[in-house]
Amino acid sequence: MSAREFTKLTLPNEISYLNIAQSHVRLAAEKFGFQPPELGQIELAVEEAVSNVIKHAYDASEQNSFDIICERVSLGMKIIIKDRGIPFDAGLLPQYDPRQVSTDKMPGLGMFLMKNVMDLVSFVNLGADGKETHLSKYLPQKNIMEQFSGQELALEPPAAAAKILQEKIPYDVRRMRPEEAIEVSRCAYKSHGYTFFDSSIYYPERIVELNKSDELISVVAVTKDNVFMGHTALHYPHAGARISELTFAFVNMEYRGQGCLTRMTDLLFSMEKKYPLSGIYINSVTNHIFTQKVAQKYGVNDCGVYLAASPGTWVFKGISEASPQRLSVLLSFKYLEPAHKLTLYPPAEHRAMVEKLYRNIGASHVYAVPEKSEAALPQETSVLRADVYASENCAEIWVDQFGADIVRQVKIMLYDLCVKQVAAIYLYMDLASPAAHFATPELKKLGFFFSGILPQTNIGDTIVLQYLNNIALDYSKIQALTPMAKEIIAYVQADDPHQTAAGTHVQPRR
Amino acid sequence: MNIQTKKEKDTLIITVSGRMDAVTSPEFEKSFAEIVSRGDKAFIIDLCGVDYISSAGLRGILTSVKRVHAVQGKLAFTGIQGQVQEVFKISGFLTMLKVFSTETEALAQM
């Protein structure tokens, strides 16, 4: 990833400086390629975020300052508003509902507008160092469906009816070239419809930008005449990540059976990378088992399940594929280098399953019980980070730092996400921290239950818990390939506090 | 921000131009309060000259609605376009308020 390109402005916490803040952000946004109406949306989000800081971060009489950082990122822009004032609990704000507007009150409107006009909004509590609001906006780019006709993008017919090449042909696998991005997007849509969670694959320009910054490593298979055959990729979740997702794997129908996926995946595993990896993971949908088969083929083994991770129905420009419920995703992991032996503190209730999952992915650690319960939760304020994925309507909460207030902070964040009607929330905690051992049963009281493990994240090896918000889920509709996958789903179902005798999850909205 | 008024029969048309944000909205609220205190009962707020509105601006709009209700008056809006229309739509204000495409339509409803 290229050197960081950003601007930074420090302003007094007075509303009279609002227009200066907006002008700074607007000029940076223009430099980063934004135009109206996105410029207006960015200005609006900045006003709402800055107003929150000025009104709530400091006492009325206190003279202080806040920072605005505008950073160019591969898909657009990130704006960080940082203050060192009073912790602001977004969850304590009443929540605005546009369906119930009245002249009586409109609390939470600013936060609502901010979240509606930006692509990604996250809040980071830094404890004594204050807090940050992160606003991300993607540059508008043409979706593949806007570039081709419906006929040109028609989903491929069943294999029996397609003209799959019978003879083996010579072909090459290599890193994708920018001019091939449009074929990548087109093939993604023809083979999978609009079901990829990360919609970047449907935007050729985004694919090019992500590859330029090495956040995405795309490899393609092409004939000797450079005719596009297929694609697969490694997608880094963030800059400097030690693990990467193996994803966006698809081959044009006529070239299936040539071994493209195997050769492309082998290249991805073996090629020298700018950012070395210690592991890769795969998120497999569970409305079919094809992706799970691919995972198994490459030794990427099951270690968790994200229930209800994405909508069952994607509706885009009139194209819809109905599914009876939200799609669950099976998580699998593979070490690319031997796992260092760690001392981990899994919660007592899930210790056996955590050990089993690690064995399944080929690691063996020391599983310990913390010595003193009172020492397990330090006195510092917890630092939590929440990332909301609007298109999937799910969120991730990352515990960057444990404090004695961890359960309270998670509760506040959970309340905020639930009132925002986020459907599924996944919570990640470092298993190497003794606090994970003690926090898990307390978080269970909030409604969290087991999801799985994910090693080598930016906060360490993690236990993942999940919370479903007003979701009806029929466990029998989740398709699992391997015995371990079936065992994980059965275990999660048994831990689900709202499972019914009929094998479903039914929970009232908070 | 600039506010101008003109009378059409019994209706006072208030044309607002500029930005309605956290800096300018207090001025709008103060001006509108003074306008209502003069005794008129029917108002049209024309926002055709407003190119930006935030939650602070929307609160100013809401305050104007309350003030008119308090004097048993009537209030309609016109000239909503661009970013203002987008924000009105997202926030639900487009369905809550009496919004008309033209001043003529709004006058006909007064």
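Visitor: Which exposed residues does the face of α12(A) turned away from its buried side carry?

Guide: That face has P483(A), A490(A) and A494(A). Bear in mind that we're looking at a predicted model.

Visitor: And which residues of α12(A) are buried?

Guide: They are A485(A), I488(A), I489(A), V492(A) and Q493(A).

Visitor: How do you know that the buried residues line one face of the helix?

Guide: Look down the axis of α12(A): the buried residues fall within an arc of 130°, so they sit on one face.

Visitor: What do the buried residues of α12(A) pack against?

Guide: Their partners in chain A are α7 (290-297), β11 (301-310), β14 (327-335) and β20 (449-457).

Visitor: How does the reach of α12 in chain A compare with what is expected at 1.5 Å a residue?

Guide: Helix α12 covers residues 483-495 of chain A, 13 residues, and goes 18 Å from its first C-alpha to its last. That is close to the expected 18 Å.

Visitor: Over to chain B. Why does the span of α1 in chain B agree with 1.5 Å a residue?

Guide: Helix α1 (residues 25-36) has twelve residues and should span 16 Å; its end C-alpha atoms are 16 Å apart, so the two agree.

Visitor: Which residues of α1(B) are buried, and which are exposed on the other side?

Guide: S25(B), F28(B) and F32(B) are buried, while K30(B), A33(B) and E34(B) are exposed on the other side. Down the axis of α1(B), the buried residues fall within an arc of 50°, so here too they line one face of the helix. They pack against β1 (2-8), β2 (11-20) and α2 (55-70) of chain B.

Visitor: Back in chain A, why is E183(A) called buried?

Guide: The cut-off is 20 or more other C-beta atoms within 10 Å. E183(A) has 20 other C-beta atoms within 10 Å, so it counts as buried. You'll find E183(A) in helix α4 (residues 181-192) of chain A.

Visitor: What makes strand β5 of chain A largely enclosed?

Guide: Six of the eight residues of β5 (residues 131-138) are buried, so the strand is largely enclosed by the rest of the structure.

Visitor: Which strands pair with β5(A), and over how many bridges?

Guide: Strand β3 (residues 76-83) of chain A pairs with β5(A) in the antiparallel sense over eight bridges, and I79(A) stands opposite L135(A). Strand β4 (residues 120-125) of chain A is also antiparallel to β5(A), joined by six bridges, with L120(A) opposite S136(A). Two strands count as paired at two or more bridges, so eight bridges qualify for β3 and six for β4.

Visitor: How many residues does each chain give to the contact between A and B?

Guide: Chain A gives 20 residues and chain B gives 20 residues. On the side of chain A that touches chain B, α1 (18-31), α2 (38-56) and α3 (109-117) each give two or more. The largest share, six residues, comes from α2(A). By type, the residues on that side of chain A are nine nonpolar, seven polar and four charged.

Visitor: Which domains is chain A divided into?

Guide: Domain 1 (5-138), domain 2 (144-277) and domain 3 (343-505). The centres of domain 1 and domain 2 of chain A are 36 Å apart, taken over C-alpha atoms.

Note on methods. Residues are numbered from 1 along each chain as its sequence is written. Chains are lettered from A and ligands numbered from 1 in the order in which they are written. This is a predicted model: local features need pLDDT of at least 70, side-chain atom pairs count only at pLDDT 80 or more; totals for chains, interfaces and linings use all residues. Two residues are in contact if their C-beta atoms, placed from the backbone, lie within 7 Å. Helices (H or I, at least four residues) and strands (E, at least two) are DSSP runs, numbered from the N terminus. Ala, Val, Leu, Ile, Met, Phe, Trp, Tyr, Cys and Pro count as nonpolar, Asp, Glu, Lys and Arg as charged, and the others, Gly among them, as polar. Domain bounds come from an automatic or database domain assignment. A residue is buried if 20 or more other C-beta atoms lie within 10 Å of its own, exposed if 12 or fewer, and partly exposed in between; C-beta atoms are placed from the backbone. The expected span of a helix is 1.5 Å times one less than its number of residues. The arc is that of the directions from the helix axis to the C-beta atoms.
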